Amino acid sequence: MNRDWLADHVELYAIDSLPADEHDEMQTQLAQLAPATRAAYEEQIADVQNLMHDYARRYTSEAPELLRARILADFDSGIRQSRPEPTGRRRLAAVVSIAAAAIAIAIGAGAIIGRTTAPDPPPATTAQGDAAAAVFSAPDAVLSTETLSDARGTLNIVSSRLLNRAVATVRGAAAPLPDDSTLQLWMVDDRKSPVSAGLLDASAAGPLVVDGLDGTQAFAVTLEPRGGSSSPTLPLLGQVKI
Amino acid sequence: MTTHPSRVQDDELALLLTQSAAGDHRAFARLYDLTSARVYGLVLRVINDRGHAEEVVQECYLKFWQHADRYDRSRGGVVNWMLTIAHRRSVDRIRSEEVHRRRGTEYANANAAVPPAPVEESVERRDERITLRRCLGRLTDLQRNSIEMSYFGGMTYPEVAAQTSTPLPTIKSRIRDGLRSLRDCVKTGERS
C-alpha cells in the first residue's frame, strides 16, 4: 500500500489518464483501503469526473436518428432474450427483422408494424403495414431525412429501388397545421413536373407508402389547401433526394 | 459534488433507469432522448470518428440498462454515471490497436478541430458554467492544454508527455495541479 502514490495519481485516474497497468494498480489499491478512506477517495474521483462532465457540456451534440433506432432495437432484442417468448405474437411482428424495426422506429412508423416487444398485441395489420414493413426490410433500404421549414417537422423517407417503393413520414412538427391545410408529398423527377405522392395527413394512422418510384430523384413537401392540389404551391417546405 | 443537475430531472432519470432495467421500452426511449446528446457529444469529441463513436455509444446504452443496479446515487446524477462509463469506453476504444494505428500522429490536431456545439441551458446551469469558465481561466495554458489533451484527446499522461516533448513528472503535476485547483475553485465558487 502506498498512500503517496495513491494521492498523487487519483486525479489522473479520475480522468482516465493513467496507462492500463497504473489504472489497474489504482483499482487494486482503492479496493484495499478501509471503507472510510476509500469513500473519501471515491468522492474526490467523482468530483473531478463530474467537473469534467460539466466541461464536456460544450460538446453536446445530437446523435444521428439511425443510432437511436439501433439502440432502441438493441434494447428490445436484449429484453426479449432475457425473457420467455410471449405467445400469440402476430405474424407480421414476427417476420419483421430487428433492422426493419429500427428503421420503422427511426421514422416514427413503429406503430404500424407493432413494437416487437410491446406488451399489448400490435394493431391489426393492414396492406399498408405489410408494404411499409417490406420496404424497411428491403436489402437496399435507404433512409433520407430533411428538416422542413416553418417548424413543420422532419421528413423521413425510406426508399427501396428494388421494390420501387418508398415510405414517408413527417414527425416532430412544432407548429400545428391550420385546419384548412394539409401537407402534400411530391415525387420530383428531372424530366416532368412534380407528381403528387399523397397527403401527409397528421391524422393518418400510419406512414404514407408510395408506389412506382421509377425515375423519382427526390421528394418534396408543400403546404396545400385541405384535400391537396394538383400541382405544388411554392415555396417548398423541404426537399430530400433519394 | 461539482454539478447539480436539476433535482427533478435527476429523479426522473433515476426512475427511467430503473424502469429501463425492468424492460420498459418507453422509459428507455425517454432516457435515451434525455441523455444521448451529452453521451454522444463526449464520445464523439474523444474518438473523433463518427462510426467508432456510434459503436461506442451503442455499447454504452446496452451497458446502462444492463448494469443499472451499479448506479450509485451518492456519487452523482445518472448523467454523470453514464458519462464516466462513456469516457472510459471511449479511451479504451481509441487506445485499442486498430484505432490507434488509424489515428496516427495527426491525431492531436485533427481532434482539436471538433467544434463545440451551442447548448441550451437553464439559468441555474448557466451560473455553474460561469463558475467553471472563470475557474478554467485561472489555470495556466499548459495546465489546461494537458488536461484537455488527456481528457478530450483520450491520451494517457505518458502520451501527452511524448506529444508535447515534456518530462513525465512535469506532465503529471500539470494535470494533477490543474485538476486540483479547478476543483477547489469550483467548490469555492459554489459556496460564495
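Which residue in β6(A) is the bridge partner of Ala166(A)? In this predicted model, that partner is Val210(A).

**Strands of chain A**
- Strand β3 of chain A spans residues 165-171 and is mostly covered, with 5 of its 7 residues buried.
- Strand β2 (residues 154-160) of chain A runs antiparallel to β3(A), and 7 bridges join the two.
- Within β3(A), Ala166(A) stands opposite Ser159(A).
- The hairpin of β2(A) and β3(A) has 4 residues between the strands, and Asn164(A) takes a positive phi near 60 degrees there.
- β3(A) also pairs with strand β6 (residues 208-211) of chain A, in the antiparallel sense and over 4 bridges.

**Contact between the chains**
- Chain A contributes 41 residues to the contact, and chain B contributes 49 residues.
- On the side of chain B that touches chain A, several helices each supply at least two residues, among them α3 (50-66), α7 (123-138) and α10 (168-191).
- The largest share of that side of chain B comes from α2(B), with 12 residues.
- By class, the side of chain B that touches chain A comprises 26 nonpolar, 13 polar and 10 charged residues.

**Helix crossing between α4(A) and α2(B)**
- Helix α4 (residues 65-81) of chain A and helix α2 (residues 25-47) of chain B have axes that come within 10 Å and cross at roughly 145 degrees.
- The crossing of α4(A) with α2(B) is right-handed.
- Residues making this contact include Ile71(A), Leu72(A) and Phe75(A) from α4(A), and Phe28(B), Ala29(B) and Tyr32(B) from α2(B).
- The contact of α4(A) with α2(B) has 6 nonpolar, 2 polar and 2 charged residues.

Notes:
Residues numbered from 1 in each chain as written. Chains lettered and ligands numbered in written order. Predicted model: local features only at pLDDT ≥ 70, side-chain atom pairs only at ≥ 80, totals over all residues. Axes fitted to C-alpha atoms, helices over the stretch in contact; angles between N-to-C directions. Left-handed = near helix turned anticlockwise from the far one by under 90°. Contact = placed C-beta atoms within 7 Å. Nonpolar A, V, L, I, M, F, W, Y, C, P; charged D, E, K, R; others polar. Buried ≥ 20, exposed ≤ 12 C-beta atoms within 10 Å, placed from the backbone. Pairing = 2+ DSSP bridges.
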